[in-house]
Structure formats: C-alpha cells, structure tokens
Amino acid sequence: MVDGAAKVTGKGLYTDDLRLPGMLCSKILRSTYPHAKILLIDTSRAEKIPGVIAVLTGKEVSEKYGILPLGHDETALAVDKVRYVGEGVVAIAATTPEIADEALRAIEIVYEPLPAYLDARSSMQDPEVLIHEDKPNNIERDYHHHFGNVEEGFAHADYVRSDSFFCPRVTHAAMEPHSTVAQYDENGKLTVWTSTQTPYYLHRTLAKVLGMSMAHIRVIKPLVGGGFGGKDEPLCHEISTAALARKAGRPVRLTVDREEVFYIHRGRPDQYVEMKTGVTRDGKITAVECKTIQDGGAYCSYGIVTILYSGALLGAIYDISNMKYDGYRVLTNKPVCGAMRGHGTVNVRFAFESQLDMIAHELGIDPAEIRLRNALKPNSCTVNDLRVTSYGYPDCIQKAVEHSGWKEKKGNLPYGKGIGIAGSHYVSGAANSIYRSKMPHSNVMLKMDMDAGVTIFTGTSEIGQGSDTIQVQIVAEELGITIDRVRIISADSDLTPMDLGSYSSRVTFMAGNACLEAARAMKEKVNKAASELLQIPAENLMNRENFVFDREDPSKRVSFEEAVVHALGTQGGTLVTKGSYTPPKAAQGGKFHGAGVGPGVAYSYAAQVAEVTVDPETGLVTVDRVVAAHDCGRALNPLTVEGQIEGSVSMGLGQAIQEQMIFDQGLVMNPGLLEYRTPGILDSPVIESIIVESDESEGPYGAKEAGEGSLAAVIPAVGNAIFDAIGVRITELPFSPEKILKALKEKK
C-alpha cells in the first residue's frame, strides 16, 4: 500500500493533525428538541466572553443545499426551527476549546416545542405538523415501479409466500471523527481541509452557500480514517467552519466529538420491508413484489437514491421477469440517514435472501441449488433495464459450497449448530452522476520529467480502501515500470482534475480506466522515443521492469529513463497526458422515472456461507465461520480485495448480531463506541475470503467492484444459519438473545 508507511509510522496527517498560525477552535451548540420553533437566539453574553472571536447563527448561512439536485433542504445551522435532537443551531470560534464551551453555555435559545415524529409509519399518517412544509404526509419521495406482469407471474406460481421484515438504524462508526479546517488567504481565497469522500461536491456546495466563485475555493482531502458513506456528501460542520473562518478573519478548526458523530452520521435507515415471492414447484421465481418504508430522518440527504436502490437492485442478481416495487422514503424528527456501505440494498437483500431460504425449505430444495436455478446469464439485461456484463455469481455459490463443506453439514449438524447461505451484489460505480452533465466521471493527468518518475494527479479520494495504490499499480503496469517510480497526488481541487468521489464502489473501475487511458498515451510518447533510439518500429516494443525492448529480440533495449530523457528533448519538454472515464450509454439504464439509480457499469457478486452456534438457554448467537466468495472481475491487488471482503463481512456481522441505534424521544441513547457495540477483533469469526475472477470486459484489466458487494450477504446467511440451528426464523435485526429466546418460547 503506497500510503501504508505514513499511516503506521504516524507521519501521515489527518485533518485534526493540522495546525495553522492563529487557528481558532470551533464548537457547535445543538438542539435538545426533536422538533421545535426557534423563538429567540441571544448570543450577546457569549460574544462578550474574552477569547470568543466569532459567533455564527443559521440566518447568516441560510442558503439551502443538499447532495441531490432535488434535495436542497438543509442549512448549515438551523433557521427558524429545529428538526432533530443534535441539529446545529449556533457555531462558535474561540481561542481555546474551554472558552468555546463557556460560550456555548452562555447562549440563550427559546424554543416552542412541536409534535415530533419518530417512526416512519406514524410520521406519514396524517401528521399534525409537517416537518417540511413542501412535503405532504412527511413523505420525502415515493416510487412505484412495475416491470413485466406481477399478477400474471403470481398466477403461474405453484407457491407464493409473503413475509415482513424490519431493520433498525445503524451507523458507520468510522474511527476518525469528522474534522474540518478552513482558512482564507490575503486575497480572500478559501482553503478547506476536510475528512471527506467527495471533495468536489463540497467544493460546489461551499461556492453556493457562501456565495463565492469556485475559482476562489480550494478543497484538500488529507488522510481519511474511514468513511463507509458517512462522509460522502457536504456536511453542515464543513460549511459552518468555512463561514466562521470568514467572519473571524482567522483559520478555524472543528473536530466533532464521538457523540456528535452520531448526530451527523447519515447511516442506514430504519426500514420496514414487505416481501412477496412466487415460485414454480422446482423453485423458479415467477414474480416478486416488494413494499418498503424507510425512516430517512429530518432531511433528504441521499434519501431519493436510497429508496430507489432498494427497488432497482431487486434485479441484477436473479432472473426475475415480473417485479413490482413500492418504496416510501419518509421524514422523521431524527438525525439524517444517507449513504452507508451497500447503499440502499442491504436491508432488502436481507429480506429477499431470508425469504428465498424459507421457500427452499418449504419446497424441499437445497438453498444453494434454488439460487443457481434462478441465475442470470452474462451479457444480459434485466426486466428493469440493468445491463449485466460479467456474472460470476454461480461460481461464487459453488466455491462457497465447496469450501464450507455445505453438502456434508447442511441438515446434519446437531441442535444448536447451523449453516446458512445467501447472496448479494452491488454496482461497480453508478453509471449516472448525481448532477447530470457531459463531464467525465473520472479524470487523471500524468506528468513525467527528467527524473523519469511519473506523477499521477487524480481527483479520487483515498479513504483507506486502497484506491491510491490501485491507480499507482495500473500506471506502473501499463508503462512497464516499478511502482517506486510512481508518485500520486490526489484530491486537491487546485492541483488535481475533477473526480466524483469515493462512493458506489466506483474508483477502481472509473479512475482505473482513466489511469489506463492516460498511461497508454504516456507509453506512446515514451515508446516513440525508444523507437528512435533503437531504430525499431514502436509497435514492436514492449515495456517491462524499467526497460523498453524489442519483443522479438529482448537484448535490444533501452532503459525507461533513457527513453524518457530522449522524449523530453524531442517532444518539447515535460511529458503530460490525460485520461478520463465516462460510462457507456448502454449502461445508463432505462427511461422510466427513477431509472437513473441502479444502473452500474458492472456488478460484483458474492455468496456466503455462515456457520453459527446458538445457545438455546441464553439465546446467544456465536458466528463460528464465514466463507465469503466474491466476484471482483480480475483482482488487481488480491491483498486489498481480501481486506475489503473481510471488512464487508465484519461490518455486516455488526448489523446482524449486535448493532442498533437506540432512541428515546429522538435522543440517541447509545452515542459512543462502547454503547453502540461495533464488533471488535474478539467478536470476529474465522473468515475465509475466496476471490472469484470473472474478467469484466470493460473494467481496467478486467477489474470491478470489491468494496461493498459482500456486506449484504452475511446478514441473511447468519439468519438462515440460525434457522438451521434451532428451527426459528428471526425477521428483525439484530439477532439478539432477546429475540432468539422470544422466538423459541413462541415455538413451544
């Protein structure tokens, strides 16, 4: 990993490590009400405290913004009313944290409480007061998609099953809290350093809210200590910090505490799922119907995308000809939900894969076999217009079955021991950008000079997933040089070309293809020079191990460095090339309303087998082993692919077994890593990662997604294993001892 040494030695700089001359500390006063009018804000006492340099209220930054063009409903600080406990109301910049705290205590705010809506199903039922005046029934957005003919599909089914599921809210729990530093220079230019996955979206939003030209704003992403979707949109604190720096005339730093992370979080929503599936006697799916209600919290965020993903990705894993989807994204008076690893798909996949297991059990079909019987074909198109190119799902199932000993164990384990299987998939980057434009989704520049070292300028955000390393590898491979010749500068809006950011598992596919294009153009320049030196046609040359040589007579060669120096002399100095990537039109989906969300340039696939032990006396579930097979196209860096699979499994197990945000009257009751209970190393089972290579035809060297697709499978795999172990089905997450014991009691 190219950034490994800086991280493990402590030399790498995260945002909170930055110190600037005269820098102030920012803190934010947050709402203690879930829903209330703001009648009065009196900051006069706080402003008189020595050391308080600037005080900012919502009306000073009242321009609305949001990550989606149809979702501009937030302000950096609350204006006129608050909509959840923890919403920012006043921001302070002071010389010390202690003075900032004192200033927060000196602020007087008078509220008029309003009715609070804390559950999606009740929030959408004739609310007394709307959370946003322009959202009737507190519904952010609803979609109703019908493909094929579901009624006809159910009529042709031999067996139809309906079930309900519930998944409570979970959060990302990244190790690094959100942090931002903002500074204006003597010419009024703003520089923002921030822990973000999407610096270019923040760049755009800062310009809108602060009323500045984008040319006068620079956004830099230092090292990021984990994102998982929690940092992939412009966030309130980033804007208030920039506004405070302007008001104070000094640089300002804000790093939120762990409790505040739970207010900012943008995690996976509470979600009710009603699933109905019809199958033939031999297990072939004839129709699927899904209704889901998501509790999105107080603002839109990515909500429109989240509710669309939940429906769109019912397709692209199985061959389903008739499919109906009704999705409701509902506003409530709770912190905002947004994107989280496996965005939109995880909860519905839990429902679908659990119900498929129930159907297999009822029909006496092996759960692995029923999945194979419903497989798609490579290079096909689903009923909802998703283009599937490479398709390694059957291989994933077969390898997971072989490595887990499925056939020997299924149905043969003693009471209390169980084994379960499930599948999942995910996009390799969204085929449509958030803001429709003709700009490429990823851009890369390469520069080479007299040292024959290559510098990659890329807008991508390395957030711990290894994207910088992959881009270095691709450039080095194409130029035939060792990676120590390649440097990378990423995510600095003054230096690097635009990239949409690190979300939807897009970087390897899109920036990787941009790197490949730029490197091929650079190789052409270098090999033209080598051709002149060797007097050999350029098309006969190969590049390997820092040499350019005749592919027919490798003894005829020049060093890469010699070729570069010659090129500099004959091609006008510094060599510069660029590459870009735009998804093909064929991958961008259908024409129906909402068709833009769901199409990916390719899809990854995963199958997992979980083994569990369930103690019927205590209800405690122990996951003993997970075999996870993942189709990532071609694995460019097997170590990082295995790391991503293990990370996905671990994160999914957290949601399966123990994680849940708990609220009381809108207040988060477990806003800390001890109380929230993410799994630690001692909670981890044996995870066997199996890389399945399907050689994606459009990916860079055949690569596709590896960072998210494995997460969704592990939750239903564990649920299915619990059923195998003790004969009860848990349809509400997490699989806690209380739910296990209750189900066992009801079974008796």
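Modeller: Let's start with an open sheet of five strands, in the order β7-β15-β14-β13-β8 with mixed pairing. Strands are DSSP E runs of at least two residues and helices H or I runs of at least four, numbered from the N terminus; two strands pair if DSSP finds at least two bridges between them. This is a predicted model, where local features need pLDDT of at least 70, side-chain atom pairs count only at pLDDT 80 or more, and totals for chains, interfaces and linings use all residues. Residues are numbered from 1 along each chain as its sequence is written, and side-chain values use heavy atoms, leaving out hydrogens and water.

Biologist: Which strands stand at the edges?
Modeller: β7 (139-147) and β8 (159-167); each has a single partner strand, so one side of each lacks a neighbour in the sheet.

Biologist: And how many bridges join β8 to β13?
Modeller: Nine, and the two strands run antiparallel. Y159, for instance, has V279 in β13 as its bridge partner.

Biologist: Switching topic: what do β20, α14 and β21 make?
Modeller: A right-handed β-α-β unit, meaning that with the strands pointing away from the viewer, the path from the first strand over the helix to the second runs clockwise. β20 and β21 pair in the parallel sense over five bridges, with I488 as the partner of I456.

Biologist: Which residues of α16 are buried?
Modeller: F560, A563, V564, A567 and L568, where buried means under 20% relative accessible area with a 1.4 Å probe, protein chains only.

Biologist: What comes just after α16?
Modeller: G572, with a positive phi of about 85°.

Notes. Buried means under 20% relative accessible area, exposed over 50%, partly exposed in between (1.4 Å probe, protein chains only).
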